[in-house]
Amino acid sequence: MTTHRIALTDELIERMLAERSGSRIPAGLVGAIVSKSAVTPQPRSIRLPGLSWNLRPGFVWLLVALALALVVIGGAIAGASRRTAVSPDGGGPMIAAQFYPAGRSPTSIRVFELDPATGERLPLVELPGVDPSSFGVSMRAVWARDHGHALLFDDFGRPRGIVDVAHHSLIALSPADVANGDDQVTWSPAGDRFAWLNGPAGRSTLVISDVTGRELRRLALPTDLSDLTQPSWSPDGSAILVVTAYGCVVCPRGPRAIAVPVDGSPSRTLLDETSGNVTRAVWSPDGSSLAYSTSGGISTMTLADGRRTVVTSGADIQLAWSPDGRRIAFTRLNADAERTGIFVVDSDGSNLTQLTDGADDTPIWSPDGSWLAFNRDQGIIEPSAWVIPRTGGEPRLVVESARADW
Amino acid sequence: MQPLVIPANALPGQTEAELVRRAARGDNAAFEALVAAHADRAFRTARAILGNEPDARDATQDAFISAWRELPRLREVNQFEAWLRRILVNGCRSRLRVRGRVREIPMDGAFDRSGADPLIADQVVDTDMLARAFDRLVADTRAILVLHYLLHEPVAAIASAMAIPAGTVKWRLHRAREALERALLAEGEDPR
């Protein structure tokens with residue numbers, strides 16, 4: 001093994017970034033932007049004074065009457081279609097969080113249940129006096145499995161509050177030192193505890209807290225583990241899975257999935273990849289196997305005998321087991337990573353189905369496994385939450401400018 | 001259609017705020033002037049965060065088109081540059097997150113060292129290794145390092161671009177530098 005150590009100085013960082021940023025803008029980029037903007041409409045507000053310059057009052061009233069008639073007729077048609085359309089009940093409510101009102105400081109954060117069939121919102125809690133910049137631009141709330149509590153996360157993946165659904169109360173948490181950003185927290189299967197990765201690589205611990213935010217215990221992790229990520233609580237509640245060497249291509253040791261027993265006994269390696277780039281590993285709902293994604297696709301491994309099955313081959317990330325463990329949903333990046341789509345495949349690799357294509361990611365199963373929620377990037381800052389039947393069909397917008405959990 | 005590209009100085013007497021107001025009313029020439037004035041810096045920012053030209057090109061284009069669409073809603077016309085940077089940085093963060101943090105080795109010309117002067121070979125090795133270490137970092141860490149070390153933005157501007165308080169910027173800069181140091185250490189220990 002060759003070892004080359006260099007001193008990290010400001011000057012070196014500046015030089016590296018200057019080289020990395022390129023010397024000049026590519027030819028034609030400005031022209032391409034200008035061309036595209038010329039054919040992209042801007043949303044225009046209607047200025048009432050302008051009407052008086054161009055239209056006589058009688059004609060304006062005629063337009064108003066026509067508009068009202070259209071609204072009445074359109075409402076009737078929409079009502080009829082709602083009655084005949086398949087309703088995304090999904091077996092449970094969704095949850096989401098938004099600033100209210102948006103664009104002010106200080107403002108409030110509202111966490112609300114969302115009926116995916118009707119779009120109706122049931123406010124759960126409100127956190128007033130919030131400086132929105134301290135939360136970033138993209139919050140999310142994540143259900144415990146029993147829907148009795150939810151965790152509120154800020155844009156940096158830090159848990160900032162625990163929502164008690166029955167009592168409509170919220171316990172605010174101080175921003176915690178969560179390693180590596182998103183997806184570093186996992187609920188226990190009973191929904192009474194959550195665990196999160198804390199601290200830098202090499203000194204990381206798994207912290208277990210109860211639903212009042214009280215720390216119950218810290219599980220020390222082996223010090224030779226680097227780039228820990230993606231904790232996943234086992235269905236029987238006995239251990240927490242973490243992925244190590246995340247994102248590492250050439251490492252002293254390949255990526256591994258480590259089971260850390262909750263009772264403090266020594267951790268054990270469940271998955272040891274000699275090559276590849278494990279980006280996520282998740283227990284199956286019955287705890288008998290793992291599904292994991294690498295840069296080459298998704299595979300499963302049966303824990304009893306270590307048997308591995310290649311499920312997909314592609315740039316597939318964000319895998320999620322269906323509640324019955326028969327299928328896996330995931331996000332696929334196309335070859336140039338410009339478009340992403342939501343896919344579903346049987347856990348044996350058969351029946352691969354593409355559900356969406358565009359700028360979609362983060363599939364989440366409905367509790368009954370009949371629908372999938374996903375984020376759709378609509379081009380600016382905050383994605384919106386959409387749903388689609390598991391078998392395919394027309395995606396439906398559930399809530400704008402918010403990520404939803406199901 | 002062949003676009004008519006008008007440099008910023010082709011609209012004499014126009015302040016940037018005036019250009020922004022005109023662009024917000026749908027004036028394409030004013031928007032062209034804004035693009036010409038800001039595209040280079042925007043592209044270099046995206047290039048530094050994302051690490052390759054095609055992604056940076058797309059992120060820059062997407063940011064400007066988003067800005068064009070959203071301009072009618074921009075109230076602080078004097079804050080156009082900060083607002084554009086925020087859109088751009090968020091776009092870069094989204095791209096990196098959706099990429100699933102799959103590590104990519106840049107293959108384009110900026111990292112072609114075949115003709116390097118042997119006298120600066122050590123420096124080249126250092127910056128190459130540091131660039132690879134930088135690729136190990138998560139999106140937010142990359143973004144804050146680029147804003148500070150490449151663009152030399154003041155803390156308040158970084159806070160605005162990343163939608164975090166100024167105090168948090170200082171703390172996160174400190175953490176980002178530590179993360180880069182750890183990544184560099186790991187990179188040095190990896191066999192190549």
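This is a predicted model: local features need pLDDT of at least 70, side-chain atom pairs count only at pLDDT 80 or more; totals for chains, interfaces and linings use all residues.
Chain B is a helical chain, with 8 helices and 0 strands. Read from the N terminus, its elements follow the order α-α-α-α-α-α-α-α. The chain has 192 residues, and 55% of them count as buried. Its accessible surface comes to about 8,300 Å², and carbon and sulfur atoms hold 52% of that area. Among the contacts in chain B with a separation of 6 or more, 66% are between residues 24 or more positions apart.

One place where the two chains meet is helix α1 (residues 10–20) of chain A, which packs with helix α6 (residues 139–150) of chain B. Two packed helices are described by the angle between their axes and the distance between the axes. For this pair the angle is about 105° and the axes are 9 Å apart. Because angles of 65 to 115 degrees count as roughly perpendicular, α1(A) is described as roughly perpendicular to α6(B). On the side of α1(A), the contact is made by A:Asp10, A:Ile13, A:Glu14, A:Leu17, A:Ala18 and A:Arg20, while α6(B) contributes B:Arg142, B:Leu145, B:Val146, B:Tyr149 and B:Leu150. By class, these residues divide into 7 nonpolar, no polar and 4 charged.

Within helix α3 of chain B is B:Thr60. Is this residue, B:Thr60, buried or exposed? B:Thr60 has a relative accessible area of 0%, and therefore is buried. Beyond its neighbours within four places in sequence, B:Thr60 is in contact with A:Leu29 and A:Ile33 of chain A, and with B:Ala39, B:Ala42, B:Phe43, B:Ala46 and B:Leu88 of chain B.

The nonpolar cores complete the picture. The largest has 72 residues, and those with the most contacts inside it are A:Leu17, B:Phe31, B:Leu71 and B:Leu180. Helix α2(B) supplies the largest share of this core, 12 residues. With neighbours within four places in sequence set aside, B:Leu180 is in contact with A:Leu8, A:Ile13, B:Leu130, B:Ala133, B:Phe134, B:Leu137 and B:Leu145.

How values were computed: Residues are numbered from 1 along each chain as its sequence is written. Chains are lettered from A and ligands numbered from 1 in the order in which they are written. Side-chain values use heavy atoms; hydrogens and water are left out. Axes are lines fitted to C-alpha atoms, for helices over the stretch in contact, and angles run from 0 to 180 degrees between N-to-C directions. Helices (H or I, at least four residues) and strands (E, at least two) are DSSP runs, numbered from the N terminus. Angles under 35 degrees count as roughly parallel, over 145 as roughly antiparallel, 65 to 115 as roughly perpendicular and the rest as oblique. Contact means heavy atoms within 4.5 Å. Ala, Val, Leu, Ile, Met, Phe, Trp, Tyr, Cys and Pro count as nonpolar, Asp, Glu, Lys and Arg as charged, and the others, Gly among them, as polar. Buried means under 20% relative accessible area, exposed over 50%, partly exposed in between (1.4 Å probe, protein chains only). Accessible areas come from the Shrake-Rupley method with a 1.4 Å probe; for residues, only the protein chains shown count as cover. A nonpolar core is a set of buried Ala, Val, Leu, Ile, Met, Phe, Trp, Tyr and Cys residues joined through side-chain atoms within 4.5 Å.
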